[in-house]
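Here are my notes for a first look at this one. Have the sequence and the model open beside you as you go through the points.

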Amino acid sequence: MADENKTPDGAAQPGTTGEGNQPVAAVAPENKTGGNERQGRGGNRGGGGNRDNRGGGNRDGGRGRGRGGRGGRDDQQGEELIEKLVHINRVSKTVKGGKRFGFAALVVVGDGKGRAGFGKGKAREVPEAITKATAAAKKKMVRVPLREGRTLHHDGTGKFGAGNVTLRSAPPGTGIIAGGPMRAVFESLGVADVVTKSNGTSNPYNMIRATFAALGEQTSPKSVSQRRGKKIADLLGRGGASEAQAEADAAAVTE
């Protein structure tokens, strides 16, 4: 009787292949391997997306908080500034692919109470150039003494390059007699009555610089009296005014 545990000739034993009775390779099926690779790649991509999202969110959030902080500091100061766009210049540069355009902006900024400044900015887009010019103007604001808060204390001249301007104080009701860039300066400064004349050039940059050079030479009776150790009434009385009129004018001087 044949042993039941023996296998017939030519039959494959368990754990072997039919040809040559070679052992089966202990490898995972292709579909399982492919699934593992896809899962691994998908997991890596998912992880990369998480890292990108976390990094991008933090960077954008930080910039947003920075802008909000600067705006908050301006609001806390309570300054309501008057911004005047004086001039925009467009320039082009010819490159291999065509023309590349840029813009330069000239802006005057003032608080309407005797402080004003000007600045310029350059960028590829107009809004960005205006923003840069406004920021530069706020950093270079100067204080100009005003008589009665409406006009200049005395006449003055300013020169820069080919620009030559003349400024004259005016009685109430005269208005701002100035054109172009000079009008923007006096409107932002808070001057209500002034007469001006510009000679030599119409370049807005030189006109603005000449105007600020003239405003920088303005002095008030109060500052002169402090420098010379005199009374304001004594200085005003030398102009031919009576003593009572000089005392009244001295009492009206605020800066």
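1. A word on burial before anything else: a residue counts as buried under 20% relative accessible area, as exposed over 50%, and as partly exposed in between, using a 1.4 Å probe and protein chains only.

2. Some housekeeping. This is a predicted model, where local features need pLDDT of at least 70 and side-chain atom pairs count only at pLDDT 80 or more, while totals for chains, interfaces and linings use all residues. Residues are numbered from 1 along each chain as its sequence is written, and side-chain values use heavy atoms, with hydrogens and water left out.

3. The chain has 7 helices and 8 strands. Helices (H or I, at least four residues) and strands (E, at least two) are DSSP runs, numbered from the N terminus. Contact means heavy atoms within 4.5 Å; among contacts between residues at least 6 apart in sequence, 53% join residues at least 24 apart.

4. The ring centres of phenylalanine 118 and phenylalanine 212 are 5.2 Å apart with planes at 40 degrees, so the pair is tilted. (Rings of Phe, Tyr and Trp, the last by its six-membered ring, pair if their centres lie within 6.5 Å; planes under 30 degrees apart are stacked, over 60 edge-to-face, and the rest tilted.) Phenylalanine 118 belongs to strand β3 (residues 115–123) and phenylalanine 212 to helix α4 (residues 204–216), so the pair links distant parts of the chain, 94 residues apart.

5. β1 and β2 (residues 98–110) share 13 bridges in the antiparallel sense, and glutamate 83 has valine 109 in β2 as its bridge partner.

6. A second open sheet of 4 strands runs β5-β6-β8-β7, with mixed pairing. β5 and β7 (176–177) each have a single partner strand, so one side of each is left without a neighbour in the sheet. β7 and β8 (residues 194–199) pair in the parallel sense over 2 bridges, with isoleucine 177 opposite valine 195 in β8. Look for α3 again: it packs on this sheet, touching β6, β7 and β8, at about 150 degrees to β8. β5 (residues 156–160) and β6 are antiparallel over 5 bridges. Their hairpin has 2 residues between the strands, and glycine 161 takes a positive phi near 60 degrees.

7. How many residues of α3 (residues 181–189) are buried? It is mostly covered, with 7 of its 9 residues buried, including Met182 and Phe186. After α3 comes glycine 190, with a positive phi near 100 degrees.

8. Last, the nonpolar cores, meaning sets of buried Ala, Val, Leu, Ile, Met, Phe, Trp, Tyr and Cys residues joined through side-chain atoms within 4.5 Å. In the largest, of 25 residues, Leu167, Met182, Phe186, Ile208 and Leu215 touch the most other members. β2, β3, β6 (163–169), α3 and α4 each supply at least two residues, and α4 gives the most, with 7. Apart from this core lies another, of 8 residues, among them Ala123 and Met141.

Key: Pairing = 2+ DSSP bridges. Axes fitted to C-alpha atoms, helices over the stretch in contact; angles between N-to-C directions.
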